[in-house]
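Have a look at the picture first, then read on.

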Amino acid sequence: MHGRRPTKKSRRRRRKPISRSTKAELQFPVSRVDRHLREDRYAQRLSSSTPVFLAGVLEYLTSNILELAGEEADKNGKIRITPEHLQKAMENNEHLKDLLDSGSNPPAAEEPKSQEKEEQEEEEEEP
């Protein structure tokens with residue numbers, strides 16, 4: 001080889017990329033949750049563990065709901081879970097019912113009372 005010394009080319013094997021969902025042993029997509037959190041601007045700053053935790057919570061809730069719906073379908077002698085089974089399962093479970101009711105209808109925030117309203121209430125109380 002015309003004056004060159006043969007060199008050993010060290011080829012490092014490149015690690016196969018592992019998704020964050022795989023690292024966290026989750027089925028829900030951590031990267032997609034992260035993207036939605038950032039695009040929708042829920043907070044100015046996000047920890048790297050935030051989407052992992054949220055994906056884990058979503059997966060946990062989903063698996064519990066599906067398990068209850070599967071039991072409901074089994075009670076009715078059905079193999080497939082239908083929307084009616086999901087609805088019955090969530091209605092029968094008080095924890096899920098409370099969670100979903102509070103999420104869809106947040107309690108009305110108390111308005112700061114104006115001075116006029118306070119004075120009117122005081123006048124009504126003093127007969």
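Is the crossing of helix 3 and helix 4 right-handed or left-handed? The crossing of these two helices is right-handed. Before going further, keep in mind that this is a predicted model.

## Helix 3 meets helix 4

Two packed helices are described by the angle between their axes and the distance between the axes. For helix 3 and helix 4 (residues 83-92), the angle is about 110° and the axes lie 8 Å apart. That makes helix 3 roughly perpendicular to helix 4, since angles from 65 to 115 degrees count that way.

Who does the touching? On the helix 3 side you'll find I65, L66, L68, A69, E72 and A73. They meet H85, L86, K88, A89, M90 and N92 in helix 4. Sorted by class, the residues of this contact come out as eight nonpolar, two polar and two charged.

## A closer look at L66

L66 is part of helix 3, and it's worth a stop of its own. Setting aside neighbours within four places in sequence, L66 is in contact with I81 and L86. Take the I81 pair: L66 and I81 sit 15 residues apart in sequence, and their C-alpha atoms are 8.2 Å apart in space.

So is L66 buried, exposed or partly exposed? With a relative accessibility of 45%, L66 counts as partly exposed, because that label covers values between 20% and 50%.

## Helix 2 meets helix 3

Helix 3 (residues 50-75) also crosses helix 2 (residues 30-39). Their axes come within 8 Å and cross at roughly 115°. Helix 2 and helix 3 are therefore roughly perpendicular to each other, and their crossing is right-handed.

From helix 2, the contact is made by V30, V33, D34 and L37. Helix 3 brings T50, P51, V52, L54 and A55 to the meeting. Counting by class gives seven nonpolar residues, one polar and one charged. Remember D34 from that list, as this residue turns up again in the next section.

## Salt bridges

Side chains of opposite charge can pair when their charged atoms come close. How many salt bridges does this model have? The count comes to three.

Start with D34 and R20, whose side chains meet in a salt bridge at 3.1 Å, N to O. R38 and D34 both lie in helix 2, four residues apart, which is about one turn of the helix. R38 is partly exposed, with a relative accessible area of 44%.

Then there's R35 and E39, whose side chains form a salt bridge at 3.7 Å, N to O. Being four residues apart in helix 2, these two are separated by about one helical turn. R35 is partly exposed at 41% relative accessible area, while E39 counts as exposed at 52%. Which residues end up in one network? Salt bridges that share partners join R20, D34 and R38.

## Two loop residues with positive phi

Now for a couple of backbone details in the loops. E25 lies in the loop between helix 1 and helix 2. Its phi is near 55°, a positive value in a residue other than glycine. E25 counts as exposed, with 69% relative accessibility.

R41 is found in the loop between helix 2 and helix 3. R41 isn't a glycine, yet its phi is positive too, at about 55°. How accessible is R41, buried or exposed? At 60% relative accessibility, R41 counts as exposed, because the cut-off for that label is over 50%.

Key. Residues are numbered from 1 along each chain as its sequence is written. This is a predicted model: local features need pLDDT of at least 70, side-chain atom pairs count only at pLDDT 80 or more; totals for chains, interfaces and linings use all residues. Side-chain values use heavy atoms; hydrogens and water are left out. Axes are lines fitted to C-alpha atoms, for helices over the stretch in contact, and angles run from 0 to 180 degrees between N-to-C directions. Angles under 35 degrees count as roughly parallel, over 145 as roughly antiparallel, 65 to 115 as roughly perpendicular and the rest as oblique. A crossing is left-handed if the near helix is turned anticlockwise from the far one by less than a right angle, and right-handed if clockwise. Contact means heavy atoms within 4.5 Å. Ala, Val, Leu, Ile, Met, Phe, Trp, Tyr, Cys and Pro count as nonpolar, Asp, Glu, Lys and Arg as charged, and the others, Gly among them, as polar. A salt bridge is a side-chain nitrogen of Lys or Arg within 4 Å of a carboxyl oxygen of Asp or Glu. Buried means under 20% relative accessible area, exposed over 50%, partly exposed in between (1.4 Å probe, protein chains only).
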